[in-house]
Amino acid sequence: MSSIVADPASASTRQLVEAASVIFSELANRAAPESGTACMELAEALARATDQAEHALAGLIAVVDRTGEMKHWGLPSTQAWLRCRMGMREGRAKERITLARQLHRLGRVRKDLAAGDLSFGYAATIADAVQRLGDDDTAVAEDILLTAAGEGLSAGKVAKLGGKIHDLVREHNGEERPPEDIQRGYERSWVTVSRSLDGGCYLKGWLNPEDTAILDGTLAPLAKPAGTDDYRDLAERTAAALTTVLAGGHGATRVTVIADLETLTGADTPGRLRDGTPIPAEQVRRLALTAGISPLILGPGHIPLYLGHTIRIANSGQRRVLETLYDTCAVHGCEVPGFLCEVDHVDGWALGSPTDIDKLTLCCGWHNRWKHTNPQQIQISKTDGRFVYRTLAPDGIARARRSTPEHDANPWHDDHPLAA
């Protein structure tokens, strides 16, 4: 067993982390005692120590988050760093980021978590509840939620109280109850649909700033007056614009069948939908002639040859091909959906250079800019007709990512044996 620091108080943070790693490594390789009573006692003590480690981890995450260090490593956000480098799921990553950002405002939570007197679950729940409160209201909310935790309410029930924290704080301060529309908070957008007796419906909701920007960018151009004779008011034009978007336009196609060229000429190789659903070869040949269905034909090496019935691949067709091939950004570990990404020239673009489909991929806006400003930190490979970008450390060395069960079980990862 590696040596442990003799005096923890005088050891550096790095030395303490290394010592903790040695201890946990030893624990991981030891069998649990046979006594159930002993295991309960040890598990509770270990959980308490783990909660204290979460306090230390929150402090480290807070500095990385504040300084933006992860961006030098090709990771656009703190959440992407935790997900890609530490193998965290989205929910756990968000919990830890929220705790890291709010802990400095929660004096009692910070003290109790560091002492092992408050679990990570309670601390993360309280941090999530107060993130949109001012400092004064945060102090009140912290008292309310810690009192509830001290009275034996589970972390889940404390979370439910956290969902009503705006009301509880106002009640504590003797203020009036807020209108129903804003009681839901401001993190998530929401829309309710109420049917009317004549078959129509009423829409009511609220969009956060990000979704509002998407709404404005999509509907505003379509909601402009059609001409001098367009006497509809803005509300009517907006409704018509929304209907147009929902209907996908007059000729939009939302179903794409992917097939090899040989399949259309009689081979038995099945095709597939964009989500991977297999389609028998005979059905592929029938769907290729169906209005509203776009066949994506792949040649040798899985290179896209054709999309649609009569039109060779053009700019809009190329994007549809790429969205079919790439569910997400081409950067390994980035989960920005393909339809929100930009078309990227793999080898760069210069005036007069061709825009060939086999030299294009989809890349999120952040990684697209990062790739062109840090070309020495991008490693490019190609598997089954798809490009994969891997980000390298600032020194140009590839760092091994932590393997997770979710990653290993997903056959669509480019480095999974089934994807080869």
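Modeller: Start with the residues that touch. This is a predicted model. In it, Tyr122, Ile126, Ala129 and Val130 of H6 meet Thr138, Ala141, Leu145, Leu146 and Ala149 of H7.

Biologist: What classes of residue make up the contact of H6 with H7?

Modeller: Sort the residues by class and count each group. Here eight are nonpolar, one is polar and none is charged.

Biologist: At what angle do H6 and H7 pack, and how far apart are their axes?

Modeller: Helix H6 covers residues 120-130 and helix H7 covers residues 135-150. The angle is about 145 degrees, and the axes lie 10 Å apart.

Biologist: Is the crossing of H6 and H7 left-handed or right-handed?

Modeller: The crossing of these two helices is right-handed.

Biologist: How do H4 and H6 pack?

Modeller: Helix H4, residues 90-102, packs with H6 at an angle of about 70 degrees, and their axes are 8 Å apart. Angles from 65 to 115 degrees count as roughly perpendicular, so H4 and H6 are roughly perpendicular to each other.

Biologist: Which residues make that contact?

Modeller: H4 contributes Arg92, Glu95, Arg96, Thr98, Leu99 and Gln102. From H6 come Phe120, Ala123, Ala124, Ala127, Asp128 and Val130. By class, the contact of H4 with H6 has six nonpolar, two polar and four charged residues.

Biologist: How many helices and strands does the chain have?

Modeller: The chain has 16 helices and 11 strands. Of its 420 residues, 31% count as buried.

Definitions and conventions:
Residues are numbered from 1 along each chain as its sequence is written. This is a predicted model: local features need pLDDT of at least 70, side-chain atom pairs count only at pLDDT 80 or more; totals for chains, interfaces and linings use all residues. Side-chain values use heavy atoms; hydrogens and water are left out. Helices (H or I, at least four residues) and strands (E, at least two) are DSSP runs, numbered from the N terminus. Buried means under 20% relative accessible area, exposed over 50%, partly exposed in between (1.4 Å probe, protein chains only). Axes are lines fitted to C-alpha atoms, for helices over the stretch in contact, and angles run from 0 to 180 degrees between N-to-C directions. A crossing is left-handed if the near helix is turned anticlockwise from the far one by less than a right angle, and right-handed if clockwise. Contact means heavy atoms within 4.5 Å. Ala, Val, Leu, Ile, Met, Phe, Trp, Tyr, Cys and Pro count as nonpolar, Asp, Glu, Lys and Arg as charged, and the others, Gly among them, as polar. Angles under 35 degrees count as roughly parallel, over 145 as roughly antiparallel, 65 to 115 as roughly perpendicular and the rest as oblique.
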